[in-house]
Structure formats: C-alpha cells, structure tokens
Number of protein chains: 2
Amino acid sequence: MTKLKDIGELDLIKGLAERFTSSGPDVLKGIGDDCAVLRAGNEALLLTTDILVEGVHFLRDDLDPASLARKLLAISLSDIAAMGGRSKAGLLAVALPPDTDTKFWESFAGALIEEFKPREIDLLGGDTSSSTGPLVFNLILLGRADPERILYRSTAREGDLVFVSRPLGDAAAGLALQAHPEIKINQAAYKYLRAALEEPQAEEELGPLLAESGLVTSMIDVSDGLAADLRHLTEASSLGAEILADRLPFSEEAKDLAAVLDRDPAEWALSGGEDYALLFTVPPSNAGNLRHLIRDRLDREIWQVARMLAEPGLFYLSKGQSRPLTSRGYEHFRSKGS
Amino acid sequence: MTKLKDIGELDLIKGLAERFTSSGPDVLKGIGDDCAVLRAGNEALLLTTDILVEGVHFLRDDLDPASLARKLLAISLSDIAAMGGRSKAGLLAVALPPDTDTKFWESFAGALIEEFKPREIDLLGGDTSSSTGPLVFNLILLGRADPERILYRSTAREGDLVFVSRPLGDAAAGLALQAHPEIKINQAAYKYLRAALEEPQAEEELGPLLAESGLVTSMIDVSDGLAADLRHLTEASSLGAEILADRLPFSEEAKDLAAVLDRDPAEWALSGGEDYALLFTVPPSNAGNLRHLIRDRLDREIWQVARMLAEPGLFYLSKGQSRPLTSRGYEHFRSKGS
C-alpha cells in the first residue's frame with residue numbers, strides 16, 4: 001500500500017492540476033503560481049491559502065500565538081506581493097482542540113486583527129471546528145491587482161537577470177541557531193536571526209512597485225529556498241537558469257553564524273526556505289532603471305543572483321565551474337531520509 | 001484557565017466579528033451570513049469556507065473518501081445557494097497524516113473533481129501539509145451573483161411567511177439509524193435516510209431561482225437545525241418567529257423510523273442539522289406566485305414552517321400553545337453535557 005510519505009507534496013498538487021486543466025473564462029491563472037487569479041470587473045482578484053499545522057510547522061509551547069498569527073499572515077502576504085498585488089481581505093478556518101486555552105485563541109486572533117487593521121485588510125469570515133489532534137490554522141487571503149500588470153512565474157525571458165530583494169538564508173540560520181542552543185553569539189545577531197525565522201516580513205511594498213514599474217518580466221517569492229523556487233520559475237517559463245554563487249547576498253549575522261558552525265551559508269540560501277524574499281527577472285537593459293527606481297522610492301538595494309538560460313535545468317556557477325543543481329527544497333510528506 | 005470547550009463555537013466567531021466591525025467599500029457583507037460578499041465589477045463575489053476534521057465530522061473507516069468529498073462540497077454549495085449565487089471556483093487546503101493511503105487521497109480528489117466538472121467549477125489551487133493527527137480538509141468555494149438580487153439573513157420583514165425547501169430531519173434520522181444498527185427497516189428507507197446523512201444535496205438550482213424571482217425577502221440554509229438557523233435569521237433581521245409544529249414537513253421514511261424508535265421527528269427537524277434545506281421568508285402576498293413559479297420551473301413544492309414576528313425570540317406553536325424555544329443546535333466546542 002502506497003502511503004503519502006512515499007510521494008512528494010509537489011506530486012500531490014501537480015497530480016490534481018494535471019487532471020484538471022480546463023478553466024473558465026474568468027480564470028486568468030489556476031494552479032501553478034503564487035496565487036490564483038480571477039477576473040473581477042476591470043480588476044484581477046488574487047487568491048492564496050496557507051495551512052499551518054501544530055507539530056509540522058510550529059510547536060505550541062515554542063512559539064507565542066501572536067507570532068504564529070503574524071507568520072501565517074506573512075506567508076500569504078508574500079504570495080499576494082509576489083504577483084504584484086495588494087492584500088485586501090481574508091478568511092480564517094481553524095481547528096482547535098477543546099483543551100486549547102482561550103488565551104491562546106485570544107492572542108492569535110488579536111494579533112491577526114492588529115496586523116489587518118493598518119493594512120485595511122477586511123476579515124470576511126471563516127469556519128471553526130474542534131480538533132481531535134493538532135491546532136490547525138488555514139488563512140485565505142485575497143488581493144487585488146491590475147490584470148495587465150500582474151507578474152507570473154511563467155513569463156521570464158532568456159537572458160534575463162535574476163534578482164532577489166534581500167539577503168538569503170537568514171531564516172535557515174535562525175533555525176540552525178535554534179538547533180544549537182550551546183552556540184554563543186551577540187544578542188543583536190541572535191534577535192535578528194530569530195526574527196527572520198519567527199517574524200518573517202513579506203515584501204508588501206516592493207511587490208506592487210515591481211509590477212507597476214513595467215521593468216520586470218516574471219516573479220515568485222522565495223519560500224522553499226532559492227533552488228526550489230528558481231526551479232519553479234524556470235520550469236513555468238520553459239527555460240533554465242544559472243545561479244551565481246559569488247553573488248549570493250548574505251547578512252553579516254548569517255555569515256558569522258555559518259563561520260562559527262563551520263557551515264556554508266549558500267546551503268541555507270539554496271534550500272533553507274522561509275526567506276520570503278522576492279525573486280524576479282529583469283531584461284539586462286532594464287536593470288539600471290530598476291535599481292534607480294527602487295533606490296528612489298524605497299531607499300533599498302536588490303541583488304542579482306542568477307541569469308536565465310535557454311537550456312532547461314538549474315545550474316550553479318561556483319569558482320568558474322557550472323554544475324547542475326538537483327536540490328528541490330524541503331518537502332512535507334517526503335521522509336527525512338530520502 | 002478557561003478552555004475552548006467552556007465557551008461555544010458561536011461565541012468564538014462572534015467575538016472576532018465584534019472586534020472587527022470596519023470593512024472596506026468593496027465588502028458588501030463580512031462575517032455573519034452564509035457567505036461573505038465582495039463587489040467585483042458589476043457582479044458580487046460570494047466566498048465561503050468549511051473545514052472537516054477526522055474524529056469530529058467523520059471517521060476515516062466509516063465514510064468512503066468520495067462521499068466525504070461530496071459532503072464537503074455540498075456544505076459549501078449550500079452556502080452559495082443560500083445567498084442566491086452560483087458556485088464558480090474552489091480552493092482546497094488539506095492536512096494529511098504521512099501514513100494516509102494514497103488511494104484515500106486519489107479517491108477524495110477524484111470525487112471532488114468529478115463534482116466540479118459538470119458544474120463548471122474551477123479548482124484554483126490550495127495548500128497541502130502533513131498532519132500530526134487527524135485528516136483535515138478545508139474547502140473554499142467562490143460563487144457569483146447579481147449584487148441587487150443577493151438574499152441576506154438580515155432582510156426578513158414582520159409578517160413574512162417562512163418556508164423550507166424540503167422535508168426536515170432526514171439527516172438526523174440517518175444518524176439515529178446509524179446509532180441503532182439493531183433496528184430493522186426496509187432497504188429503500190435505509191438507503192434514503194443514510195443518503196440524506198452521507199450524501200446531502202445542496203439546493204443549487206432553487207437558491208438562484210428564489211433570488212432572481214424577486215418574491216423572497218431573506219434566506220439562510222438549514223445546516224444546524226431549524227431552531228438554530230431560524231434563530232440566526234431572526235436575530236440578523238431584528239425580529240422573532242413562531243414555528244408552526246403542525247406544518248413541519250417530514251419524509252415518510254423519517255416518520256416511520258421515529259415511530260419505531262418512539263421519537264418525535266420534530267426533534268430531528270429542530271436540532272438535527274445537516275438537512276441543507278433552504279429556509280426563506282416571503283411576504284404573504286407573494287407566496288402564491290412563488291409556489292406557482294417553483295412548480296412551473298422545478299416541479300417542486302415548498303413548505304411553510306413559521307411566520308416572522310415583530311417580537312424578538314423564537315416560539316413554537318404546538319396544539320394551540322405557543323412557547324419560547326431555547327434549543328440552539330449542536331455546537332462543536334461545547335461539552336456534550338452542558
């Protein structure tokens with residue numbers, strides 16, 4: 001008997017998508033991008049859903065409920081931003097064991113509402129159930145975008161430069177720090193790396209700016225690690241890409257921790273996940289203008305980490321040598337050993 | 001320490017709604033009806049989400065996965081129909097233990113797709129996770145409707161007649177049948193009552209017909225029992241209602257089983273739940289026209305079960321005596337004894 005742990009999470013979703021290719025005239029994008037996209041009058045509606053399960057994504061005693069709410073929201077905010085949209089409304093479905101402390105729920109719900117308010121995101125409703133096991137939270141987030149400006153994964157072009165919006169691997173470094181409580185680092189670095197893991201920030205301003213600039217050809221967010229997410233983008237665009245090892249941006253904090261642990265921070269960047277950077281492709285002739293725009297509007301930098309190739313596949317250029325990259329990032333159902 | 005089991009599910013949702021009353025200009029309805037309603041160009045978009053948890057809503061060995069998929073869909077289809085909308089698209093979030101048989105997933109996903117196809121409902125995406133405990137399925141269903149024709153809970157009028165679209169209590173009778181395997185009834189009745197419980201049918205045709213007729217003032221679906229759902233409607237409309245015991249419609253199958261078990265089928269109708277009938281209010285002067293329309297278009301009957309009162313509260317008129325009704329239907333978190 002085949003069990004789910006014998007196949008991968010990606011196969012599960014792909015299997016559904018392959019059996020269900022038809023879509024109505026209002027569906028601009030179904031399965032296969034950061035969000036689904038529906039036509040809604042002159043606008044496009046973006047939809048994304050993310051599920052967090054106790055014991056898989058978090059431990060009840062490890063994480064305070066307010067952080068959990070902010071993390072769940074950040075994951076979905078990042079999906080909306082990665083299409084170039086602005087988040088507008090949410091629904092929340094939860095399954096909670098009857099012995100859950102009401103304070104846990106109060107703190108979770110309160111934090112979610114506090115995050116919604118300044119963003120003018122409306123809580124539209126949801127569903128609640130008892131759970132016979134873990135706490136389960138499922139957020140559905142809706143965004144809006146100009147349908148002509150949405151950035152998909154599938155529209156990168158050969159020769160495009162691939163940029164990321166922030167240093168990579170900080171969340172994975174935060175996880176490594178958690179796994180090694182004996183390691184001593186300075187308090188500021190500790191706080192920075194733990195925050196990267198526990199309080200990730202979505203690129204809510206940058207995503208729409210990139211879409212509206214008209215200078216970018218495709219986009220995805222880095223939630224599963226650079227290798228896995230760049231692979232998603234190359235496959236959706238029927239292209240390949242070469243990662244430029246020398247250009248991968250790391251924070252000083254991640255580099256210091258990597259040195260202490262004798263690790264290569266590139267591993268964290270490639271397969272660590274949960275960075276929620278934006279990864280986007282830019283024709284070489286647009287790159288200068290885009291850098292200027294982002295400095296001008298947000299006083300920020302971007303980093304080139306790869307270039308798009310006509311040849312399919314993912315390659316890693318390090319010390320003058322380019323070799324194929326096979327890592328596919330973390331998959332939930334796959335047994336850890338395989 | 002207060003636990004969730006000490007408060008009710010209704011309080012949980014209400015608590016969130018009360019802390020979050022503001023809503024943007026595109027939100028036609030937030031928390032507090034069968035669906036949330038968003039403006040989408042000239043149309044309205046309806047959104048509903050329903051979560052099913054193993055051990056709470058179903059037992060893995062008890063129900064085949066295809067039936068489970070159909071039931072999950074029917075619950076959401078009924079919510080869309082209860083606003084007068086037509087279902088158009090869905091997202092599915094699941095948490096599945098790694099030891100889940102892939103056949104279970106295949107059967108569940110296959111059945112869902114088979115239900116989507118003839119309805120031209122698009123599967124837009126979703127999320128999958130491992131689960132450390134029960135199977136969890138969360139469906140998000142989107143529908144469309146004419147914003148001028150949507151039927152809310154809050155717009156019933158004093159003196160309106162209250163109708164239901166089908167006999168009540170069949171699902172509860174099916175549950176009673178399941179709890180009494182020693183009971184012998186004829187095979188046709190057995191199949192009918194078990195199907196009412198396990199394969200509920202949403203009023204997908206009738207809902208939009210009622211909305212488009214212009215003859216109906218408010219609507220809700222009967223998912224928690226007549227008492228609880230009529231109470232929702234009366235409270236949303238700031239009115240009361242009197243249930244007419246003599247007029248409650250029962251199937252012959254439910255009446256026969258009630259006789260064998262020495263039960264009153266009215267109990268099943270009032271607090272049984274899962275009937276997925278539509279409950280709607282009609283000014284007396286429209287009732288005849290509506291009956292004719294429904295006979296003409298769908299060759300079906302409707303049943304008056306109550307009338308709307310100016311006085312708040314829910315009353316039960318039986319044998320010439322009207323008494324207040326306090327049953328609130330099944331609540332998930334509330335301990336069974338309370």
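Over which residues of chain A does pLDDT stay under 50? The answer is residues 328-338. The structure is a predicted model, in which local features need pLDDT of at least 70, side-chain atom pairs count only at pLDDT 80 or more, and totals for chains, interfaces and linings use all residues. Residues are numbered from 1 along each chain as its sequence is written, while chains are lettered from A and ligands numbered from 1 in the order in which they are written.

**Confidence**
- pLDDT is the predictor's confidence in each residue, from 0 to 100.
- Chain A averages 91, and 91% of its residues score at least 70.
- For residues 328-338 of chain A, the model has 28 contacts beyond four places in sequence. Two residues are in contact if their C-beta atoms, placed from the backbone, lie within 7 Å.
- Where pLDDT is low, the predicted coordinates should not be read in detail.
- The complex gets an ipTM of 0.88 and a pTM of 0.90 from the predictor.

**Domains of chain A**
- Domain 1 covers 4-145 and domain 2 covers 161-324. These bounds come from an automatic or database domain assignment.
- The C-alpha centres of the two domains lie 23 Å apart.
- In domain 1, 17 residues are in contact with 18 residues of domain 2.
- Helix α2 (residues 65-81) gives the most to the side of domain 1 that touches domain 2, with nine residues. Helices (H or I, at least four residues) are DSSP runs, numbered from the N terminus.

**A helix in chain B**
- Helix α10 (residues 284-298) of chain B has 15 residues.
- From first C-alpha to last, α10(B) reaches 21 Å, close to the 21 Å expected at 1.5 Å a residue. The expected span is 1.5 Å times one less than the number of residues.

Technical notes
Helix = DSSP H or I, 4+ residues; strand = E, 2+ residues; numbered from the N terminus.
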